[in-house]
Amino acid sequence: MPIHKTVPQQATVPELINQARILSDQGVVQDALLLYNHAFNLTQRPGAGHDAVFKTIILDDIEKNLSKIEPEEIQKFSRIKHLSIPQDIFDYWAGYTFAQREDFTNAANVLNAFLEKYPDHPKTEQVKELLAGMGTMAFNKKKIGVILPMSGKYKLYGQQAMKGIELALARLSESGIKDLSIEVKDSMSDSAQAAKCVDQLGKNNVFSILGPILVSRQAADKAQALGIPMMALTQKIQFPQYGDYIFSNFITPEMQVQALGSYVFHELGLRRMAVLYPDDKYGNRYMQAFGQMVEQFDGQLTATQVYDGSKTDFSDSIKKLIRDTGLNFQALFIPDSVSRINLILPQLVYHDAKHFTLLGTNLWHRDSLLKETRRYNSNAIICDGYFSGSANPATARFDKTFQDLYQERPGFLEAIAYDTTQILFTAANADDVNSGKQLKAVLQGQFIFDGATGRTRFDETGTPHKALFLITIKDNQFMEINR
């Protein structure tokens, strides 16, 4: 370790402090820090006189010097091997100076790491106050970040969502929340890239992040560390569990079976259910969720019959279902894509399996169901997160405005992006919301939003609860079930 040439080789601690101060006054801060480090090391020797006094002087001088240099220089200096200066001093001042120059992303990363590394440090409360103050300073309630796949194999989803977001901005402006902006980052259809986008948006002080669609734990962890509320468009129910700043807003299998169950058990008074499902990830997840729902409503699940979704002939599975139950069920739930439903429904009738209510997921809600199974789709109840033509005023307004602007019918993705944009801006622009912490507290509280996808609220975990649409078929047209 180099020592300034004017310092005697066997310099005493006071001599080292004096020379370090001269260097500091000359602006040669890093050389000064090296001398302070040497002096501090000498105070550690057994029997060194006045160590406590000198240690206090040295540490005070070090902190004054660290306040003069850039945080990157502090971090670089702290990585010098065998330093005697305590590491917590470098960690604190790196975070503090990042905050001073309003680089809140790096400041939050360093200071949160400081709290985790030194939970009982004397500066703990000071750091917490600094983080809270940063949250308020960085909270620009007029600007959200958006992470969508604008390129790559899922770019169509990004394009659809953007249409909903653009329409929401116009709607918010009409309602009096003006001068809003978004900063869009392309996840490139890659979850790792989505995590990088969080860092970029954090540096630009967005108050919240809408997206991503392709979620990752890494992206959630970064948003959580920065204290930026993130609302992803994902049906992964575990996503909000990654942190208290992490939310999701989408339709899930659990939501769908709950909506179906509430209607068939409470409104129709049915009790006996059966499930015919494909042996794949989708089918198994829905089968398990449906079974739990039936148990919750104190109903009876008479049979669960699996079939091979790679085939087109489902006779064996249908016959087994008939043998095992004697058709002693009142509703049959078939969680599958409309392409296979179009094959299954005629085969059910062919084997004389009829006179029960058919229950379907949002995948049934396709025009091809009307065209290809028009003689077999009666008495069907379908659940979805959006219904074009709904009597719900917010849905009808969105549907008309969207079609007028884009000359096409919107789907669920456009509608949920539209609602999510409004949820974030509306909640943030309340008078008593001035930080990410306050925003997430509002969303997890009594906040309720009536939008194009119906009524939405979030629980304390950030999980959405939505009033989904129930649809039936009349005169070979999809019709909303009024409840």
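Q: Starting with His-82, is it buried or exposed?
A: His-82 is exposed, because its relative accessible area comes to 75%, and this, like everything below, is read from a predicted model.

Q: And where is His-82 found?
A: His-82 sits in the loop that runs between helix H4 (71-78) and H5.

Q: What is the phi of His-82?
A: The phi of His-82 is positive, at about 65°, although the residue is not a glycine. Most residues other than glycine have a negative phi.

Q: What about the phi of Asp-475?
A: Asp-475 is not a glycine either, and its phi is also positive, near 50°. Asp-475 belongs to the loop between strand E14 (469-474) and strand E15 (477-480), and it counts as exposed because its relative accessibility is 77%.

Q: Which peptide bond is cis?
A: The bond from Gly-211 to Pro-212 is cis, with omega near -5°, and Pro-212 is placed in the loop between strand E3 (209-210) and helix H10 (217-226). As background, most peptide bonds are trans.

Q: Stepping back, what is the mean pLDDT of the chain?
A: The mean pLDDT is 92, and 96% of the residues reach 70 or more.

Q: Where does pLDDT stay under 50?
A: That happens over residues 1-5, for which the model has eight contacts beyond four places in sequence.

Q: Changing topic to the largest pocket, what is its volume?
A: The largest pocket has a volume of about 1200 Å³. It is lined by 30 residues, of which Phe-250, Asn-362, Arg-366, Phe-412 and Leu-413 are the closest to its centre.

Q: Which helices each supply at least two residues of that lining?
A: They are helix H8 (155-174), helix H12 (281-296) and helix H17 (412-428), and H17 gives the largest share, with three residues.

Q: By class, how many residues of the lining are nonpolar, polar and charged?
A: The lining of the largest pocket divides into 16 nonpolar, eight polar and six charged residues.

Q: Which residues is Gln-256 in contact with, leaving aside its neighbours within four places in sequence?
A: Gln-256, which is part of helix H11 (residues 253-267), is in contact with Ile-251, Tyr-286, Thr-361, Asn-362, Cys-383 and Leu-468.

Q: What of Cys-383, buried or exposed?
A: Cys-383 is buried, because its relative accessible area is 0%, and Cys-197 counts as buried because its relative accessibility is 0%.

Q: How many disulfides does the count come to?
A: The count comes to zero disulfides.

Q: Back to the helices, where is the place of Asn-284?
A: Asn-284 is in helix H12, and it is partly exposed because its relative accessible area is 24%, a value that falls between the 20% and 50% cut-offs. Beyond residues up to four places away in sequence, Asn-284 touches Tyr-277, Pro-278 and Asp-279, and its C-alpha is 8.9 Å from that of Val-306, 22 residues apart in sequence.

Q: Last one, which residues does Thr-97 touch, not counting residues up to four places away in sequence?
A: Thr-97, in helix H5 (residues 87-100), touches Leu-66, Ile-69, Pro-71 and Ile-74, and it is buried because its relative accessible area is 8%.

How values were computed: Residues are numbered from 1 along each chain as its sequence is written. This is a predicted model: local features need pLDDT of at least 70, side-chain atom pairs count only at pLDDT 80 or more; totals for chains, interfaces and linings use all residues. Side-chain values use heavy atoms; hydrogens and water are left out. pLDDT is the predictor's confidence in each residue, from 0 to 100. Contact means heavy atoms within 4.5 Å. A disulfide is a pair of cysteine sulfur atoms within 2.5 Å. Buried means under 20% relative accessible area, exposed over 50%, partly exposed in between (1.4 Å probe, protein chains only). On a 1 Å grid over the protein atoms alone, a cavity is a set of points where a 1.4 Å probe fits but cannot get out, and a pocket is an open set with protein on both sides within 12 Å along at least five of seven lines; lining residues have an atom within 4 Å of a point. Grid points are joined across faces, edges and corners, and a volume is the space filled by probe spheres set on the points. Helices (H or I, at least four residues) and strands (E, at least two) are DSSP runs, numbered from the N terminus. Ala, Val, Leu, Ile, Met, Phe, Trp, Tyr, Cys and Pro count as nonpolar, Asp, Glu, Lys and Arg as charged, and the others, Gly among them, as polar.
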